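Subject: Structure handover

Hi,

Here is the structure you asked for. My notes follow below it.

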Amino acid sequence: MNFDFPILSFMIWFPVLGGIYIATQKRTSGNIKIEALSIAIICFISSLLALVYFDNNSANMQFVERYSWIPVFNIEYLLGVDGISLPLIILTTFTTILVICAGWSVISERPHLYMGSFLVLEGIMIGVFAALDAALFYVFWEAMLIPMFLIIGIWGGQNRVYATIKFFLYTLLGSLLMLVALLYLYGETGVFSIESMHNAQLDMIEQKLIFLAFLLAFAVKVPMWPVHTWLPDAHVEAPTGGSVILAAIMLKMGGYGFIRLSLPIVPDAASYFTIPMVVLSLIAIVYIGFVALVQTDMKKLIAYSSISHMGFVTLGFFTVFWVQSSTDNWNDAVLGIEGAMVQMISHGFISGALFLCVGFLYDRLHTRNINDYGGVAEPMPYFASFMMLFAMANAGLPGTSGFVGEFLVILTVFKANFWIAFLAALTLILGAAYTLWMYKRVVFGPVILQPVKELADLSSREMLILSVLALMVLLVGLWPAPLIDMMHPSINSLVEHLSRSKL
Amino acid sequence: MNLVDDILIILPEITLVSLTCIVLLVDVARKNITLTCCVAILALLATLGQLFAFFPKEPNLVFFETFISDPVGSYLKIFVCVSSIVALIYGHHAYQKYKTNSSEFFLLALFAVIGMLFLISASNLLTVYLGLELLSLSLYAMVAMDKNSNLAAEAAMKYFVLGALASGVLLFGMSMLYGASGSLALESIGTNASVGDGKEVVQIFGLVFILVAIGFKLGVVPFHMWVPDVYQGARTPVTLFLSAAPKIAAFAMAFRLLATGLADFSKDWILMLIVLAVSSLALGNIVAIAQINYKRMLAYSTIAHMGFLVIGLVSASSGGYAASIFYVSVYSLMGMAAFAALILLPNGEAASIDRFKGLAKNNPLFSFFILILMFSMAGIPPFAGFWAKWFVLKEVIATGYLWLAVFAVFCSLIGAFYYLRIIKFMYFDEPNKDNSDSVSNSAASVLFNLNCLTILLLGLFPGLLMAFCTRMILISGF
């Protein structure tokens, strides 16, 4: 299929320029929301267009754009997508529309800057997923912090300054070591193209050091225990839109980084560090699950649940070598990575939806405290049913997208080691416990507090947002085949690459 | 080479000297800062034009090998002239705002520029010293110009005494090198020693003294004591001038002395530079966090930046020199813009960082540009400051000092905090009562916008300048 239009560049720069344009408008101008929404929708349509023209049977990079950017260092403006990055790009464009809708009437302070920041952020995030040059990737990776820093800092809650500076410095800490690792790789290979880095010959010590440098960058982003502490703060203080973007997309960048950089560039080190990585993932899944259980703040609870669910993603990625060595079959490893990828996409929908639900409650009562609610089902029946679906999905109910990813990962891990699979599966119970317990305390029971009685049910705008998300959750849950088919060739070739030791 | 050719090569300097005399006369006749400023800028523009017109294609030694004209030198001179023009325009705005008739500022700046041009082109210890003294004396006078301020007097005193000490140390070092090598030409001061010879010890001692003087002029730890006081005590336009062009000249001095003169001793000075770089990065970034005075904060940030600059020299390779030149060019742009922001702030004259509170409410564009500037200083992409750091780090990793690169990135992480704090003040805080004015439109504010846009554009398209720096270094024979 021939497709000449530079669609990836368009998806990156159109929202960035559009966002800058909107941010410079007069704040009283009434059109900014419409303009922002149309930019986001155009971007979403182009990502769907990319999906239509995407060749599902090829593991190669598609829609490749290649220009020389900084010739002295062989840095190129190199973009392209495969089955791993395209779903994440579509998730990004999709979520941005929801976020802009969610901020429609709620943001009264500097709305032009709010909309503008989200659009710029969208473009940069697509850039991270589409960049195939390590320098370009790094530029997008860090530039992403700037709009998010402003979003949390300007429109956040009480403690926003602390949260946003913590978020910024924490993420920067991780990525700086990645910078050193990338520069080192450049010194070894003489190019910045990620695909050439995949083939770099490295000895074990180099691999281990590079792995650790990458690990810090991506572990902070995912976030993995014990570098997760920025996440609850950032989530709690961020405005609803910020939390949604953080949970739905930014956390995925860590996972994406693992399979785009860590695993293929330093496969032997990844294999060497399998056990520590699995242990860290299990701690995230189990321990953080318990932490989530005792939260009294709804957003914090969902934030911890995100960490716990992202644990499945890292578990899926890093059991690859273990599964292979115990079954001698790379196909099972493919299944694990696919499960982790599905888990990323599905978690994007579910956590986004849950944060939006909490945001809608917060817009009405201005509290996120679980104890300030109770019996919400009575005044808000539609809301209650939507949240029910998302809570169930979060708990991994079969038929929802939450089930597919976790099931695939557990299935794979089972082949590696029974007890790890047992521990991981245990959290399906734990996840159900904290999600449903929160749901019970917020939604069910008698209405005790006066303000809750007067809550208005979802407006049509909110209803629309949640219906679309509910549709996606069910779609991926009931019919994940198209998604998995799209990823399959790319993940297959990735695993094939992993099977060749560099030593 | 005959005399006419020699004179053609030194023509930009000659032009600047004669035009400075005219500016002096104009200033005597009419005490008007606008007029003096315009004439001074014209003088610099004329020099700049000639620098472009006579851009050398290869190194040329003239006037009995005391003066070298090579592509690197001309590139640095062009940057010195451009940043001085920018600094003079900002300075003019500031003095108009203060309603002080300090037209000497422009004259002293021109004399300093003459000193810098000679320093950059020096290829003989004597020319180095002469250029440096012309530069330093003008700067001492500039700092002392604010007659009514105790802080300025203290700063000038401190600057002068320590500066004179550094000059003395430099002379001492030079005399040792001369004694050991029997030559004043930079080409030969380092070459005469044979290993194990008594002369080598003398030369290493000379090298140490010269490095102390370089460290003082660059303002790197442990020779940084004057930087915060002078930056704080001098009036903002003076600090602005001080933070840009003289840093380029000081870098040129370091570069000429170390890379040309003492290249054979590189394994000795690399170790010393590492110590300077590591301590500057650590101290500059950590102490800057505690500052509530904006100028003092920037002074410590300058110390940290100079530490990064020195890391480029540590590579002692053509790539490392190119990285340093790129770094110093970008830094001079950022440093000037940072002080210009203080000049342009609408409320009052104090240098407290509180003045940035709530700025974004009434001055969205101005604060957006300061945001670009601060992120660039912190080294966040896609701004020029990021590529400057990138370039230096790449070279130092290629040389094999991986730990130094890791240390440097951790220091810049610490440094990010205090830049973020300015952004926090602008965007997240409510304005004080008297912070509600907006920035008035003036030539300086337009220039500030351009200055910051340049930082953004250099961040998006750094390739051209990088390629240029690399080529200059190569054809100059390093």
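Predicted model: local features only at pLDDT ≥ 70, side-chain atom pairs only at ≥ 80, totals over all residues.

Residues are numbered from 1 along each chain as its sequence is written, while chains are lettered from A and ligands numbered from 1 in the order in which they are written.

Helices (H or I, at least four residues) and strands (E, at least two) are DSSP runs, numbered from the N terminus. Helix 18 of chain A covers residues 401-416. Its 16 residues reach 24 Å from first C-alpha to last, close to the expected 22 Å (1.5 Å times one less than the number of residues). Twelve of the 16 are buried. Buried means 20 or more other C-beta atoms within 10 Å of the residue's own; exposed means 12 or fewer, and partly exposed lies in between, with C-beta atoms placed from the backbone. Among the buried ones are Phe403(A), Glu406(A), Leu408(A) and Ile410(A).

**The hairpin**

Strands 1 and 2 of chain A (strand 2 is residues 75-81) pair antiparallel over six bridges. Pairing takes at least two DSSP bridges between two strands. Ser68(A) stands opposite Glu76(A) in strand 2 of chain A. Four residues separate the two strands of this hairpin, and Asn74(A) in the turn has a positive phi of about 60 degrees.

**Where A meets B**

The contact takes 27 residues from chain A and 24 residues from chain B. Two residues are in contact if their C-beta atoms, placed from the backbone, lie within 7 Å. On the chain A side, strand 1 (62-70), helix 5 (134-143), helix 6 (145-155) and helix 7 (160-189) each supply at least two residues. Helix 7 of chain A gives the largest share, 14 residues.

**Chain B overall**

Chain B has 21 helices and two strands. Its C-alpha atoms fill a box of roughly 70 × 55 × 40 Å along the principal axes. Buried residues make up 60% of the 478 in chain B.

Best wishes
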